[in-house]
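I opened this notebook to record what I looked up in the model. The entries follow the order in which I consulted it.

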Amino acid sequence: MFSKFMKAYFIVFLSLCILKNFGISPGIAADFEERSKTALITGANKGIGFELTKLMLGCGDTVYAVARHTKPLESLKTTYPDRLHIIKADLGTVEGQNAVAPAVTSMLNFVVHNAATMDPVGDGAMLDSSKTEALRSMLNVNGIAPIILTNMLGDKFMPLTRHLFVSSRAGDTMFKGIIPYCVTKHVLDAFVEGLRTDHPDILAATIHPGEVDTHMQSILRAPAESDFALAPVFVKTHTEGRLLAPLTAARFFKWVLCGASDDEFVSRKHNMYVDKSTYPHWVPEGVTIVNPYPDSGASDR
Ligand SMILES: NC(=O)c1ccc[n+]([C@@H]2O[C@H](COP(=O)([O-])OP(=O)(O)OC[C@H]3O[C@@H](n4cnc5c(N)ncnc54)[C@H](OP(=O)(O)O)[C@@H]3O)[C@@H](O)[C@H]2O)c1
């Protein structure tokens, strides 16, 4: 009897050590040991979405990964052939939006509307007629697709499915030079507000992931100052190493999805820099969360 107990104790101890080596804290591991769930994540091929996809798969979940460019996901599929379902779709098009729901064959516990583009960027981009197609695609990917997917996936939702819409501090205010992007993030915040009004039973929330070192940030650094007055601000933040790793943001997302209670989940716009009481659950060892723009927007509200 005693040796059986020691054996079980040893196995648990060993598992926790292995998980720690993979950068997964025991708190998060325990959370995932309790359940194996199914998530749909858009923009799953790079940046925060890719890290979140890997985290979910690594913890035993099934992921429907929606992406326009699927190569990184195909490599991942060799490790998770049964639990990773790749849905190739350009969410900037009606065809791409329509392709998602029919490809989902099981009920979803989580939907993460993460895909977004920053193009067109630049002062006056909103009314620049040479950028109409980029603008149309952006409005579709960032603003319309999350609403249409929520509409079309209805029969794949359970009563407690969590819908997470990836917003930004750009959803709280307007920044010159990225007005189209700000408008799309306002749309998401408004949509969640609308869901709460019309469907208070649906668990929906928005999230601001923080300032994260991804392709999107590189788009903000690329223009000349004459085209985009804020570009030097983004260059400086990057040069000073003040952007967070995508994995850190993904851990925050995962905690909001899996660690927060239902009441907590719907209680607010989740904000990486504001939700300090949650840090012990997801901030990796050795990482300090510092807002590079504490005075701009409403992100530290
Ligand atoms: N990084 C930050 O500092 C920051 C700050 C605030 C909010 N956010 C938000 O965080 C989320 C994730 O962004 P990220 O920082 O991880 O940027 P990212 O690396 O550029 O990822 C954006 C994702 O959206 C996908 N996407 C873009 N256009 C698409 C289309 N037409 N069809 C399908 N997918 C498309 C991209 O895939 P492709 O390879 O196909 O382009 C990519 O997977 C976004 O909603 C963003 O607005 C980011």
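**Sheet and its helices**

I began with the strands: 7 of them form an open sheet with parallel pairing, in the order E3-E2-E1-E4-E5-E6-E7. Helices (H or I, at least four residues) and strands (E, at least two) are DSSP runs numbered from the N terminus, and two strands pair if DSSP finds at least two bridges between them. I noted that the model is predicted, that local features need pLDDT of at least 70 and side-chain atom pairs pLDDT 80 or more, whereas totals for chains, interfaces and linings use all residues. Residues are numbered from 1 along each chain as its sequence is written, and side-chain values use heavy atoms, with hydrogens and water left out.

At the edges I found strand E3 (84-88) and strand E7 (270-271), each of which pairs on one side only. Strand E1 (residues 38-42) and strand E2 (residues 62-67) run parallel and are joined by 5 bridges. I looked up Leu 40 and found its bridge partner in E2 to be Tyr 64.

Helix H6 (residues 132-152) packs on the sheet, where it touches E1, strand E4 (108-113) and E5; contact means heavy atoms within 4.5 Å. The direction of H6 makes about 175° with that of E5. For such angles, axes are lines fitted to C-alpha atoms, for helices over the stretch in contact, and the angles run from 0 to 180 degrees between N-to-C directions.

**Helix H10**

I then followed H10, which lies across E4, E5, strand E6 (203-208) and E7 and runs at about 155° to E5. Helix H10 (residues 246-259) has 14 residues and reaches 19 Å from its first C-alpha to its last, close to the 20 Å expected; the expected span is 1.5 Å times one less than the number of residues. Of its 14 residues, 12 are buried (under 20% relative accessible area, 1.4 Å probe, protein chains only). Among them are Phe 252, Phe 253 and Trp 255.

**Aromatic rings**

Rings of Phe, Tyr and Trp (its six-membered ring) pair if their centres lie within 6.5 Å; planes under 30 degrees apart count as stacked, over 60 as edge-to-face and the rest as tilted. By this rule I record 5 aromatic pairs. Phe 165 and Phe 191 are edge-to-face, at 5.6 Å centre to centre with 80° between the planes. Phe 165 lies in strand E5 (residues 157-166) and Phe 191 in helix H7 (residues 179-198), so this pair ties together parts 26 residues apart in sequence. Both Phe 165 and Phe 191 are buried.

Definitions and conventions:
Buried < 20%, exposed > 50% of the residue type's maximum accessible area, 1.4 Å probe, protein only.
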